[in-house]
Amino acid sequence: MAFSQGLLSQSIWRLSLRMLGRDWRAGELRVLLMAIIIAVACVTSVGFFTDRIQQALNHQSGELLGADLRVAADHPLPAQVTVSAANYGLRSTETRSFRSMVQAVGENEVNGSSRDGEAILGQSRLAEIKAVGPDYPLRGALKIAPARFAKDSVVHDLPPSGEVWAGPQLLQQLGAKVGDQLQLGYSQLRIAAVLTYEPDRSGSMFSIAPRLLINLSDLSATGLIQEGSHVHYRFLLSGEPKAIADYRQALIPHLQRGENIEGTQDARPEVRSAMQRAQQFLGLAAVVAVMLACVAIAMAARRYAQRHLDTCAMLRCFGASQHRINHIFLLQLIVLSFLAGPLGILSGFLAQEGLVVLLGQLIITELPAPSWTPVWIGLLVALGGVLGFALPPVLQLRDVPALRVLRRVATQSVITPRLQPATLLAYFFGLVMLVLLVIYQAGDVVLGGILLSGLLLATLLLWAAATFLTWGLKYFLHYLRKGFLKKVSQSKFSAWHLGLINLTRNRRASTLQVMAFGVGLMVLLLLTIVRGDLLQGWAKGLSEDAPNRFIINIQSQQLAEVRNFFAQKGMADVELFPMVRGRLTEINGVSVSEQEYVDSRAKGLVAREFNLSWARKLQTDNHVVQGHWWKENAGGKNPFPREFSVEEGIAKTLSLKLGDQLTYLISGESFTATVSSLRSVKWDSFRANFFVLTPPGMLDAYPASYITSFFLPAEKNEVLDELVHAFPNLTVIDITAIMDQVKMIIERVSMAVEFVFLFTLVAGLLVMTAAIQSTLDVRLHENAVLRALGARRRRLWQSLAVEFFSLGALAGLLAAFFASVLGFVIAHQVLEMDYLFNPWLWVLGLLGGGVGVGLAGIIGTRQVVNSPPLVVLRKL
Amino acid sequence: MSESVNQPILLVESLGKNVANHASRKHVLADDELAILHDIDLCIQHGDSVAIVGPSGSGKSTLLGLMAGLDVPTRGTVYLDGKNILQLNEDERAALRGEKIGFVFQSFQLLPSFTALENVMLPLELQENSGTYADARQQARQLLARVGLSEREHHYPSQLSGGEQQRVAIARAFVSKPALLFADEPTGNLDTHTGQQVIDFMFELNREQGTTLVLVTHDHVLANRCARVLELQNGRFCSASEVGQG
């Protein structure tokens, strides 16, 4: 069979693969391969993780809803919604979810030292109660276990009346077990099983309390649903897709305020939102790593091309055309990308398990297997990285003159003299790949464009800072040589001198390495030290006796008793605030609806009910920023004017201003008043505050519940247990526990971002390795000559240590500087607090960078000192 | 190998080569160029063996590069087997080299990551229509055996001595049965005894295949083995002599 021309000829494949195999064995391609693997691994690790959430949303959305369609409301659903379902042949059921206190009941209430024969009540804890109707769930299934840590199994029943299924966390917090009794409101219920899985349950990021499942028939006996109770009413439906669609179509025009429909296509908006954020944040972190990896690819490819100049000249001598040269190396790169791609994808798949451990349970309880999409993305990244960044220097090998075999003609610069159209096209392809990757991770073209601009700006700033540092080092060295070094060591070959000279000699490579490490170190410092500083600063900003407990659902008829209770406990100063629920219906006589607003927060504010309250005096953590606080008139039927005081944040969100007339629907009646003041509220005082206030007396005619917040010392925790026992309908919210949960979420999210940024550090190491390799021959030669002239190995080791420690220290300085600046900006602009610069940030940055890069650099250049000088000189 | 009875294998007419004078950093102006070769005329017939001698810097390697189509002259023409190589583009010159020319270099120029056998096969692999892979392998093995390196087929250049490497290079040069062989200081990096062995192999193969040999050397003993010796000084031929063959 004769050889044939072109890319597909067997001879080209053979030659190409043989060269690839031999170069790999010689260690020529390791940095290139690793850089491709890192780029693919970090993109696919994030990709697999977000894809699994997307798969859950796409293919398990029925299970995520527990139905094919769900109608949700913050009030009992009208009969029209529930009764008509049967007309469409749909199965239906309902659930009601709310938070309430649960108390463990002692085992031996007969023998127990209880008063008046009542049960011994243990600790009380806040729980997420879900009361479920028959046939729940309509899609998916519950799982229960006979005890904590026992194996669970699918169940198609519900807890019978009188029994409950409790989540393992609730049992742990209560110190209870299966078989114990629970006090829920005015009812005692038996714990029949451990609830391990509910199909429509949110991840732990979205719930602040552990779970309890009860039978809907037991709900009214608990007495927990009262005026002011926040209850989520849900009506679940399942059936034929057409029937579901018809029902939905018929219902939409009749939906009232506070009611919404979720189908399988738009199920779980909170999960979708969390997934989108995860994809954006983690995806961006991955893009930074990809960018650095592409730099490493370009540097490694440049060296690879440099080391094949003689080979190409020889091939040209023996008749290879420029196209053949291109084909030989192009094939090698394509094969390399198809080898590295799957390895990177496998690494990414394993790495995404780390993200699942850190974040998975926060967002969604069970994640299915991923689709193939991240695999294709990974392969595209591999191909794009190789073709966009490795191909350009390799393409220029076609210009190697055959004459090189006779003499080296301007050989060192042959790789970069002029850019051919093909080379420009390859670079363009690589840049397009990066741009598309950013847009893909952002999930939006406009946002992607903004992020790209931000990345570009950040790159320019980093480059400027790194250049400044390396320039500064050069001049510092200049003065050192003239002063200090001259006194310390007469020899021009002192370790310090040698080390720093190496750093400043190739300033471009040094700048690049300082940037590469600086980025990774900066993010790690930001996510660890600065994060800790900001959280501590924020916590310190709270006063020591800031309220740590909220109590809600106090009914008006319980006011006197509750006040009396607190007085008996020495807490007479606990203030109870009234709360009336009303829905904003008109602004200046014009009806308002969600559709008028684009901002999702505005939509939510219009859809849901407000908590209105009244106050005679302004609280100390409120300040009037516009208008005036109401003044009491001495005489007259109504001592106070009919006015509203609105919190400035929601005023801005809803575009409200002084003089606007707002109408609220309260218990079926309209109530209108004029906005007379806008207030700023210090929400992180954790005191009870309200978006909208009226003067006293305005809302007396409407049913109200009461809330309060206070500081409870740890030694008085049992007061709450007694309070809940006395008033079972009250809900106690532990702010410390919520803050701990928020801190946990922030910590997990930070760890997830740090996890992805580890790829950035590895990519930075690869950039350094590529830079070392590009200067290896020069270093080998120099050190061989120095040793031949009498330099000791110890001095050479020291010079290497100086060079790389200094490089790392410069990167650490850069990292600490930018981390401090970002910390300052976040503190002032976002958290509105003072930020104290932390000296440890600088110490850790300098030391971490210096030691980390120093060690890596010494290991990477050990060959330079260990190789026998004669061998090196003969070879070179 | 195409032969025309009267057509020389290599014809050089008024060949000149200037290069930029790098010392002055102005390599654009004509009066700042350095003339390496001046008006070289040369005619080499099929089967000739020609040695070009001269001191270092006389322009020997430059002339060899121009004759082999590795470089482009400033003036004059080069006809290789009747083709004006200046009218060919770089790829056409490469194709011509692959078809007609073999090379032996002072620094051997073996690919370090290829075995001896693979280095010898390389010219055949680069050619189109030169037979199957198995044929190429067989031809390469035969030539390696011919230069006495059968047992070293699978050794890498780093595992071979200088003389052995040059023998591999000679086998590589002859594997494609070139019409013309250019050798640039083939014994420059070898000791006398080894160099002698290498030259013996080269001339033996040259006789067997009837290849035209053009040798650049400053070794007069080697030069005298060629039929003609041309002396180059300061970029010009200053003498020519007819000596014995082989």
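Let me start with Arg225(B), which counts as buried because its relative accessibility is 16%, and the cut-off for that word is under 20%. Please keep in mind throughout that what we are looking at is a predicted model. Arg225(B) has a partner, Asp200(B), and the two form a salt bridge in which the closest N and O atoms are 2.6 Å apart. This pair links distant parts of the chain, since Asp200(B) belongs to helix H6 of chain B, residues 192-209, while Arg225(B) lies in the loop between helix H7 (220-223) and strand S9 (228-233), 25 residues apart. Is Asp200(B) buried or partly exposed? Asp200(B) is partly exposed, because its relative accessible area is 28%.

In the pair of Arg779(A) and Glu803(A), the closest N and O atoms of the salt bridge are 2.7 Å apart. Here too distant parts of the chain are linked, with Arg779(A) in helix H22 (residues 776-788) and Glu803(A) in helix H23 (residues 793-830) of chain A, 24 residues apart. Arg779(A) counts as buried because its relative accessibility is 10%, and Glu803(A) is buried too, with a relative accessible area of 4%.

The next pair is Arg96(A) with Glu94(A), whose closest N and O atoms are 3.1 Å apart in a salt bridge. Arg96(A) is partly exposed, at a relative accessible area of 26%, and Glu94(A) counts as partly exposed at 29% relative accessibility. How many salt bridges does a search of the whole structure find? Over all chains, that search finds 33.

Let me now step back and describe the chains themselves, beginning with chain B. Chain B has 246 residues, of which 55% count as buried, and its secondary structure comprises seven helices and 10 strands. If we take the contacts in chain B with a separation of 6 or more, 70% of them are between residues 24 or more positions apart. The accessible surface of chain B comes to about 10,400 Å², with 46% of that belonging to carbon and sulfur atoms.

Chain A has 876 residues, and 53% of them count as buried; there are 26 helices and 22 strands in this chain. Its C-alpha trace spans about 105 × 75 × 65 Å along the principal axes. Among the contacts in chain A with a separation of 6 or more, residues 24 or more positions apart account for 82%. Chain A exposes about 39,700 Å², and carbon and sulfur atoms supply 60% of that area.

Finally, I come to the place where the two chains meet. The contact takes 35 residues from chain B and 29 residues from chain A, and the two chains bury about 3,100 Å² between them, 60% of it on carbon and sulfur atoms. Across this interface there are 10 residue pairs in polar contact, with both residues at pLDDT 80 or more. On the chain B side, helix H1 (60-67), helix H2 (90-100), strand S6 (101-105) and helix H3 (116-126) each supply at least two residues. By class, that side of chain B has 14 nonpolar, 12 polar and nine charged residues.

The count of salt bridges between chain B and chain A is five. One salt bridge joins the side chains of Glu118(B) and Arg18(A), at 3.8 Å from N to O. There is also a network of salt bridges that links Arg316(A), Glu90(B), Asp91(B), Arg93(B) and Arg97(B).

Leaving aside residues up to four places away in sequence, Gln109(B) touches Met314(A), Val405(A) and Arg172(B). Gln109(B) counts as buried because its relative accessibility is 16%.

Definitions and conventions. Residues numbered from 1 in each chain as written. Chains lettered and ligands numbered in written order. Heavy atoms only, no water. Contact = heavy atoms within 4.5 Å. Buried area = accessible area lost by both parts, 1.4 Å probe. Salt bridge = Lys/Arg side-chain N within 4 Å of Asp/Glu carboxyl O. Polar contact = N/O pair within 3.5 Å; in protein donor to acceptor, adjacent residues only side chain to side chain. Helix = DSSP H or I, 4+ residues; strand = E, 2+ residues; numbered from the N terminus. Nonpolar A, V, L, I, M, F, W, Y, C, P; charged D, E, K, R; others polar. Buried < 20%, exposed > 50% of the residue type's maximum accessible area, 1.4 Å probe, protein only. Areas by Shrake-Rupley, 256 points an atom, 1.4 Å probe, with all protein chains shown as cover.
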